[in-house]
Every structure is written in structure tokens, then in C-alpha cells.
Amino acid sequence: MFDSKHDGSKSTASAAAMAERPAHAPADHPKIPREKVGILLANLGTPDNYDYWSMRRYLNEFLSDKRVIDYSPWVWQPILQLVVLTKRPFASGEAYKSIWNHEAGESPLMTITKSQTSKIRGTLQAAFGDRVMVDFCMRYGNPSTKSKVREMVDMGCRKILFFPLYPQYSGATSATANDHFFSALMEEKWQPQVRTVPAYFEDPKYIEALAASVERAYAALEHQPDVLVCSYHGVPQRYLTEGDPYHCQCVKTTRLLKEKLGWTDDRITTTFQSRFGPEEWLQPYTVEEVARLAERGKKKIAVIAPAFSADCIETLEEINEEIRESFEEAGGEEFTYIPCLNDDDHHIAALCEVVRTHLKGWLD
Ligand SMILES: C=CC1=C(C)c2cc3[nH]c(cc4nc(cc5[nH]c(cc1n2)c(C)c5CCC(=O)O)C(CCC(=O)O)=C4C)c(C)c3C=C
Ligand SMILES: [Fe+2]
Ligand SMILES: [Fe+2]
């Protein structure tokens, strides 16, 4: 059925317009698009809006994921449906409203992910032309992983590189994104060849991009901060003892950042934020640590969030509002939030370099 004439190599038009029926094939033989390599970026996902039902749909999908909350569904689902999802959509909806990109009608995570995708596409298409297709999907909400895998396969991607945009690996983020990707592939008749990009917490270009963002932020300040707090999203402490390497990768990112900046240990620290539920999470908790720093006389601090590839509710609202407040209430005087790497050129270059490393042998 599929011979070498199916590669469509003569064409320069778009993949869809380009699809051809193989020579000597019967009239009902499907058209075969020109072969491409797909690069599918993946982030966490975000609600479509901040009203109760949009928030509830999003949180329900997110918090029903057993990679995120691993309690037995018999125990967890009644609590989730009857308690958490009757209250949290209101509180979280208010928080989203305060950071919403009203002009674009979407959350900042969505706006930034779109911009990252378009810049990465520009760079990779400049190198490889229309042999590559670059798009993004979300683990929860829209655009779904399944819809994007289908689109890529339909457009002729016989190879897909799947890239979860989490610098540090966790079962609750990278692994569930990969699981979802693999389950989308289960629905494809003609499954493409696939690769997944591993965590890039120690990638020199990622560390350089973080260091450059710290140096840029510090250069703009009149007084140098006493301490840089590297605040990572937390996970339950139990996940670490059960084998999740997230904690170790966060600590290593901080150490490499410190070394890149040429700093001593006392100028930088690692903390964890966004605790959820009654269990112990990774410590120290950012919200408590910034207050302790202020009480110990560290009146000027900067906070950076290296685990987030894009600013989102957890950085713009939790760090820049709640955590700032905790610091100031404890006597802190100057609080500087250093934005995520977002679509900054250093970051895009670092991500493209990671992609190119994992494309080796597919596109040289
Ligand atoms: C309840 C358990 C949660 C775990 C474990 C968890 C891990 C985790 N999350 C991120 C990145 C993001 N989380 C975001 C929002 C968010 N996270 C949780 C819960 C857990 N996260 C909730 C309930 C929410 C929604 C907001 C809220 O109601 O508080 C986001 C932001 C999404 C956005 O739209 O802006 C990101 C990004 C990481 C990296 C991580 C563990 C490594
Ligand atoms: Fe989270
Ligand atoms: Fe560790």
C-alpha cells in the first residue's frame, strides 16, 4: 500500500493541499500527505474562563488525575466532587480573574505558551523548512493532547517529538503528560514513531537563561537583594520517598544557578510553594520561609520560579501577591518577583537547542 512514491517530495504546498493518492492506487485509497516531523510542546493546561463551571471542569480533570493526587478514587472522588469542587472553583476563579489576559480572553499561561510555540516554530522552520511542524497541547483542558496528535498525524507527521515543558521531572507533571500522549497514540491507526524529551533541569543553556534573567533583574534594582529565593511548585513529601526525583532536580537547578552566578551559598535558597490538602509537602514552604527571612533581617529579597516555563496563576498570583504579602507582613521591605523565562530569546534558544538534541537522526 505505501511505497516510496508516497513521500510527496515534489510538492512545496501545505501538507493538506499536498496530499497525494499513490500511483496505481484505487480511487478510494486515502491520500497520503508529505512526510513531516512533528514537535509537540506540552504544558499543564489552564481553564477556558474563570467562571464557576469553566473552573470546575478544569479542576475536576486536573485533580482527578491519579498522577497528581494518588489516593484511591473511592476515597478521593467523594471528597473532590462534594467538597473541593463546590468551593475551590470560586476561590481559584477569583484568583484567575485578577491575572486574566482580558484582551485576549485567556489566561497568561495560554498567551505565553502560544508565543513560545510561535517563536520555536520560527526558529525550527528557519532551520528545517516545512519538514517540521511545531504546535502545543495541554494536559488538561484545551487544546487537548489527543486533538493535536490527530492533527499532526493527519498533516503527515510520521515522527513526533513530544516535549513536556517542565524543566524538572515529576510524576505529577512530565509523566502524566507523557501518559496522555501515549494514550492519544493508542487511537491512531497509523501510529507515528515517537520520542519524548526528558527533563532539562541541568541543561547549561537553561541555567544560563535563568542566570541572565537574574542578572537583568538585579541590574535594574537600586539595592541588591539579600537573598534570591528559588521557589518551586511543591509536591507531597511522600512522592519523594516513593521515588519521584523532582526534589533532587530542583535542588540541583538551584545549585547550578548559584554556580553560574558565581555566588556563595548564603545568597540563594530553595523553597516549595502551592501546598494543597492536609499532607506534608516538600519543605521549606515559600510562604513561611520568606516571613522567616524578613524576621531574620533579610529585608530585601528576590523570588524566581525555575520550575515554571511560563508565568501562570502560581507565579503571578501566589508568588507576586500572597507570598509578597507574607514577606511584607513579617517586616520585609523590598520584594522583587523575577518573571519566568516565558518567550524570552535566551529561553527560546535554550528550548530549541534541547529540541535539536532530541531530533538527532530524524532531521540532520
Ligand atoms: C493538588 C496537587 C497538585 C500537585 C501535586 C501539583 C504539582 C505541580 N503543578 C505544577 C504546575 C502548575 N500547577 C498549576 C496550578 C495548579 N496546581 C494545582 C495542584 C497541584 N499541582 C492546582 C489545584 C492548580 C490550579 C490553581 C488552583 O486552583 O490553585 C499551574 C498553573 C496553571 C494556570 O492556569 O495558570 C502550573 C503551571 C508543577 C510544576 C507541579 C509539580 C512538579
Ligand atoms: Fe500545580
Ligand atoms: Fe532530593
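**Entry 1: ground rule and model**

I count two strands as paired if DSSP finds at least two bridges between them. The model I am reading is predicted.

**Entry 2: strands 5 and 6**

I started with strand 5, residues 227–233, and its link to strand 6. Six bridges join the two, and they run parallel. I then looked for one specific partner. Cysteine 230 has threonine 270 in strand 6 as its bridge partner.

I moved on to the loop between strand 6 (268–273) and helix 10 (286–295), where I found proline 284. The peptide bond from glutamine 283 to proline 284 is cis. I read its omega as near 0 degrees.

Serine 274 is in the loop between strand 6 and helix 10 too. Its phi is near 65 degrees, a positive value in a residue other than glycine. I checked burial next. Serine 274 has 20 C-beta neighbours inside 10 Å. The cut-off for buried is 20 or more, so serine 274 counts as buried.

I note the background here. Most residues other than glycine have a negative phi, and most peptide bonds are trans.

**Entry 3: other backbone exceptions**

I looked up asparagine 342 for its phi. The value is near 45 degrees, positive in a residue that is not glycine. Asparagine 342 lies in the loop between strand 8 (334–338) and helix 12. Why is it partly exposed? It has 18 other C-beta atoms within 10 Å.

Another cis peptide bond runs from asparagine 142 to proline 143. Its omega is near -10 degrees. I placed proline 143 in the loop between strand 2 and helix 5.

What is the strand order in the open sheet of four strands? I read it as 2-1-3-4, with parallel pairing. Strand 2 (132–140) and strand 4 (193–196) are the edge strands, each pairing on one side only. Neighbouring strands of this sheet are turned by 25 degrees against each other on average, direction ignored.

I took one pair for a closer look. Strand 1 (residues 36–45) and strand 3 (residues 157–164) pair in the parallel sense over seven bridges. Leucine 40 stands opposite phenylalanine 162 in strand 3.

**Entry 4: helices across the sheet**

Helix 5, residues 145–154, lies across strand 1, strand 2 and strand 3. I note its angle to strand 2 as about 160 degrees. Helix 12, residues 345–359, lies across strand 1, strand 3 and strand 4. Its angle to strand 3 is about 135 degrees.

I looked up how the protein chain is divided. It has domain 1 (47–99) and domain 2 (204–338). Their C-alpha centres lie 26 Å apart.

Which residues are closest to ligand 1? They are Thr46, Ser92, His233, Cys312 and Ile313, in a shell of 23 residues. I sorted the shell by type: 14 nonpolar, seven polar and two charged. Domain 1 and domain 2 each give at least three residues to the shell around ligand 1.

I also asked which helices contribute. Helix 3 (73–99), helix 6 (171–185) and helix 11 (313–329) each supply at least two residues of the shell.

Tryptophan 74 sits in helix 3. Is tryptophan 74 buried or exposed? It has 7 other C-beta atoms within 10 Å. The limit for exposed is 12 or fewer, so tryptophan 74 is exposed.

Lysine 114 is in helix 4, residues 108–128. It counts as partly exposed because it has 14 C-beta neighbours inside 10 Å. I looked up its separation from aspartate 135. Lysine 114 and aspartate 135 are 21 residues apart in sequence. In space they are 8.7 Å apart, C-alpha to C-alpha.

How values were computed: Residues are numbered from 1 along each chain as its sequence is written. Chains are lettered from A and ligands numbered from 1 in the order in which they are written. This is a predicted model: local features need pLDDT of at least 70, side-chain atom pairs count only at pLDDT 80 or more; totals for chains, interfaces and linings use all residues. Axes are lines fitted to C-alpha atoms, for helices over the stretch in contact, and angles run from 0 to 180 degrees between N-to-C directions. Two residues are in contact if their C-beta atoms, placed from the backbone, lie within 7 Å. A residue is near a molecule or strand if its C-beta atom, placed from the backbone, lies within 6 Å of it. Ala, Val, Leu, Ile, Met, Phe, Trp, Tyr, Cys and Pro count as nonpolar, Asp, Glu, Lys and Arg as charged, and the others, Gly among them, as polar. Domain bounds come from an automatic or database domain assignment.
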